Amino acid sequence: MKTFGNMFLGLFILKVVVAAPSTDAINYDTDTYEVDLELDNIYDYDDNSNTDQGEIEIGTVLPIVNRPILSPEEVQEEIEEDEESTPKLIDGSSPQGPLSPGVQIPEASGGISTCILCGCIRTTVYCDDHNLDSVPPLPKDTTHVYLRFNKISKINKNDFSYLNKLQKIDLTSNIITEIDEDAFRNLQQLNELILLDNRVRQLPELPNTLNFLDVSKNRLGRKGIKQEAFKDMADLRLLYLTNNDLDHIPIPLPDSLQALHLQDNNIQELHEDTFCNMKDFSYARRALEDIRLDGNPINLSKTPQAYMCLPRIPVGRLV
């Protein structure tokens, strides 16, 4: 019985030994997986490395697309097809679709389209702060143009003459010293003209369609505004002539005027008929509610009759 038990124990131990996993190295079929299984190399790095993280370039791996090798002639054909299908933005129109027949791209200096050099949103052109020394060619359907903070020194008669739909011109902060007499006269849709902060010495003839005119911070002086320059502007509401060394108020002023800014000039006297009609005491100029005369060497208290037709007394020195 003892002998039989020893034999049974020996067979059990032999079975266990045979069933144990092999301690030999595992061999993988690299032809099947195409993977480098030496993982120790993947995470091997130097703790004391001084690599500049800014030099590490992170990119996107693009998929490889099998394309046929093209000849130089075929490459050129593809380029021409791409150019023909590229939308072009001209005359403020939508960039969708091809060019209309007969329409030309307005060119600026260097042959660059004005809408590319500056920026066009529908019929508005933005050319602020582009170091321009002259007015660039503009799309014919332009209604609003902003040319602020440039180096334009002269406005020529043909700069805007072809823009029949033009409603607003803003030339703030240039170095304009000269404006041709016909530069704005024929712009029959022009409502707003801004010449703020320039060096203008003489106002040209202006269209009667203006309702807002700002010529503040220029050099008009005594002779810079022609007699009765604003008389026939039946729609003029805002007139800003601040800081021009003016020595008088340019009269007559249209009844439509709502604001007249004349601060920081050299106006020394005010006549009783400057705003009112002394021959008709029933006359009332109800629209003109904002008159600024502060910063002038004038005593407004000397001419109290000059304000009888106004809804408010002008702002300025009263003693």
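Y240 is buried, its relative accessible area being 19%, where buried denotes under 20% relative accessible area, exposed over 50% and partly exposed the range in between (1.4 Å probe, protein chains only). The model is a predicted one, in which local features need pLDDT of at least 70, side-chain atom pairs count only at pLDDT 80 or more, and totals for chains, interfaces and linings use all residues. Residues are numbered from 1 along each chain as its sequence is written, and side-chain values use heavy atoms, with hydrogens and water left out.

Aromatic contacts were assigned to rings of Phe, Tyr and Trp (its six-membered ring) with centres within 6.5 Å; planes under 30 degrees apart count as stacked, over 60 as edge-to-face and the rest as tilted. By this rule, three aromatic pairs are present. One of them joins F212 and Y240 in an edge-to-face arrangement, with 5.5 Å from centre to centre and 80 degrees between the planes. This pair links distant parts of the chain, 28 residues apart: F212 belongs to strand β8 (residues 212-214) and Y240 to strand β9 (residues 238-240). Strands (E, at least two residues) and helices (H or I, at least four) are DSSP runs numbered from the N terminus. F212 also counts as buried, at 14% relative accessibility.

Charged side chains provide a further set of contacts. A salt bridge is a side-chain nitrogen of Lys or Arg within 4 Å of a carboxyl oxygen of Asp or Glu, and the structure holds twelve of these. In one of them, D128 meets R148 at 2.5 Å, N to O. The two residues are 20 positions apart in the chain, D128 lying in the loop between β2 (124-126) and β3 (144-146) and R148 in the loop between β3 and β4 (154-155). R148 is partly exposed, with a relative accessible area of 24%.

A second example pairs E205 with R185, whose closest N and O atoms are 2.5 Å apart. Here the loop between β7 (192-194) and β8, which holds E205, is linked to the loop between β6 (178-179) and β7, which holds R185; the residues are 20 apart. Both are partly exposed, E205 at 35% and R185 at 27% relative accessible area.

D247 and R222 form another salt bridge, at 2.7 Å from N to O. D247 is in the loop between β9 and β10 (259-261), while R222 is in the loop between β8 and β9, 25 residues apart. D247 is partly exposed, with 24% relative accessible area, whereas R222, at 60%, counts as exposed. Salt bridges with shared partners also join D128, R148 and D170 into one network.

Pockets were identified on a 1 Å grid over the protein atoms alone, as open sets of points where a 1.4 Å probe fits, with protein on both sides within 12 Å along at least five of seven lines; lining residues have an atom within 4 Å of a point. The largest pocket has a volume of about 250 Å³, a volume being the space filled by probe spheres set on the grid points, which are joined across faces, edges and corners. Its lining comprises 16 residues, with H248, I249, P250, I251 and H271 the closest to the centre. Eight of the lining residues are nonpolar, four polar and four charged, where Ala, Val, Leu, Ile, Met, Phe, Trp, Tyr, Cys and Pro count as nonpolar, Asp, Glu, Lys and Arg as charged, and the others, Gly among them, as polar.
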